[in-house]
Amino acid sequence: MLAKTQLHDAVRHAPARDLTVTEIRTTIVDVPTVRKHKLSQTSVTAQSYVIVQLRLANGVEGIGEAATLGGPRWSEESVEGIKATIDTYLAPAMTGQPADRFVTAGERLDAAAKRNNAAKAALETALFDAVGKSLDLPVAALLGGAVRTSFPVLWTLASGDPDQEIAEAEAKLAARLHRTFKIKIGAQSPEADLARLARLAKALTERATLIVDANQAWDETTARRCLPCLADLGIALVEQPLPAWNVAGMGRLRARDRVPPLLADECVFTSHDMLAVAEAAAADAVSLKLVKHGGLVGLRKVAAVAEAAGIGLYGGCLLESSVGAAAHLHAFAGLRDLAWGCEHFGPQILTGDLVTEPLAFHDFAVHLPEGPGLGVTLDPDKLRHYARS
Ligand SMILES: O=C(O)C[C@H]1C=CC(=O)O1
Ligand SMILES: [Mn+2]
C-alpha cells in the first residue's frame, strides 16, 4: 500500500484526466525544399502543410499535420481547402467531445464531412498526441505497442537531371543515410526516363536498390512496353504506373512476365479501395499514408485488409515535416511486417523543420522519437516563421 505522502505525490504528478477537447487551431505553413522536387503531374520548391493545435480541458496541447504536394494536384485536397474544412466543419464536430474515443471521433468527422481524408488525418493525429501526452504514453502504445523503433528509409531522386541525381545518391550513400532510392518518372517521355534510369542503374549498381514512381503517368500500352525494360534494369518496385482508376489494368500488368512487383499508391485511399485492389490481384504492396486513409485508425484498417490478402506494406509519405513523419512512424511501429520499409525522408528535404528536435536519421534508417504522444514538440518560433501571412 502507498504511504499517504506517496499517494499525495502520485495524485499531484498524475496528468489531469479531463480529456475534453476545448479548442482547435489551424495554421498554414510553407517550408522551402532544398531543391526542386519534380513529379509527373507537378513540381514543388516548397512544401505546404496545415498544422493543427488541439487543446484539452486538462491544458495539454496535441499537434497534427496535413501534408499536400503542389496544391490540389497530388490529390484533391489543398492546404486552403483543408484549413477551411477543419475550421468550418471538423473542429466544431470535435469541440466539447472526449479526445480518447478515436473510433467515435472518426464517426463524427465522417458525419461532418465526406472524404477530406488529409484534414481528418491531421485532426485525428492531434487527438492521439494530446491523449498520449495526457496519459504519458507514446502514440504507438495507444495503437497496441511498438514492434520496431527504427525503419529502413529511402530517398527520392526527383530533379530530373541524372548528373545531379547520381551526385545526390552518392552523397546519401556516403553519409549512410539512404541506400534505396525512389526515382520519379513520367514528367518526360518514357524513352527519356528509360535512358535516365539506365544511367542511374549503371552508376549505382550493386550499391543501391532502385524503385520508380510514375504517379499515374502511363497508359496500359506504355506500361506493357516499358515494364520489361524496368525489370531488365533491376528496378525492384514500380509504383502506380497507371491512372488510379485503372485497377483492372494493374491486375493485367501484374499477370504478365518480366514485370517488377507493383506498388499501389493513388489507387488506395480507403479500406474498400484496398479490398478492390486485392480482389483484382493488382498490387504486390501498398503505400500507407495518413493523408489517404484519414488518420491512424484508417491506416491500420487498410493495412489489415492488405495483410489479409498477402499484399506487402510500404510506409508511404507525402514529404511530411517531423510532425507528420512522427505520426506515420507511430502507426508503422505496430505493424507486424513492414516488408518494404518506409520513405519518410521528408524532414531531410526541407530547409527547416517545425519541431524543437527533428527526427533522427542514421544507419540508413529513421528512428521513432521517444516520449509521450508523437514524441516531437512544435517550435512556436518556427511555426511563426513559416506561417503563411
Ligand atoms: O509517392 C508519392 O506519390 C508522393 C511523394 C512521396 C515521396 C515522393 O517523392 O513523392
Ligand atoms: Mn507515389
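Modeller: Here we go, starting with some ground rules and then the ligand.
Modeller: This is a predicted model, where local features need pLDDT of at least 70, side-chain atom pairs count only at pLDDT 80 or more, and totals for chains, interfaces and linings use all residues. Residues are numbered from 1 along each chain as its sequence is written, chains are lettered from A and ligands numbered from 1 in the order in which they are written, and side-chain values use heavy atoms, leaving out hydrogens and water.

Biologist: Thanks! Which residues come nearest to ligand 1?
Modeller: His37, Trp74, Lys182, Asn215 and Lys289 do, out of 16 residues around ligand 1. A residue counts as near if one of its heavy atoms lies within 4 Å.

Biologist: And what does Lys182 do with its polar side-chain atom?
Modeller: That atom is 2.9 Å from an oxygen atom of ligand 1. For Asp213, a polar side-chain atom is 3.1 Å from a ligand oxygen. A polar contact here is a pair of N or O atoms within 3.5 Å.

Biologist: New topic: how is the protein divided into domains?
Modeller: The domain assignment, automatic or from a database, lists domain 1 (11-136) and domain 2 (142-384). Their centres, taken over C-alpha atoms, are 22 Å apart.

Biologist: So why does ligand 1 lie between them?
Modeller: Because domain 1 and domain 2 both give residues to the shell around ligand 1.

Notes:
Polar contact = N/O pair within 3.5 Å; in protein donor to acceptor, adjacent residues only side chain to side chain.
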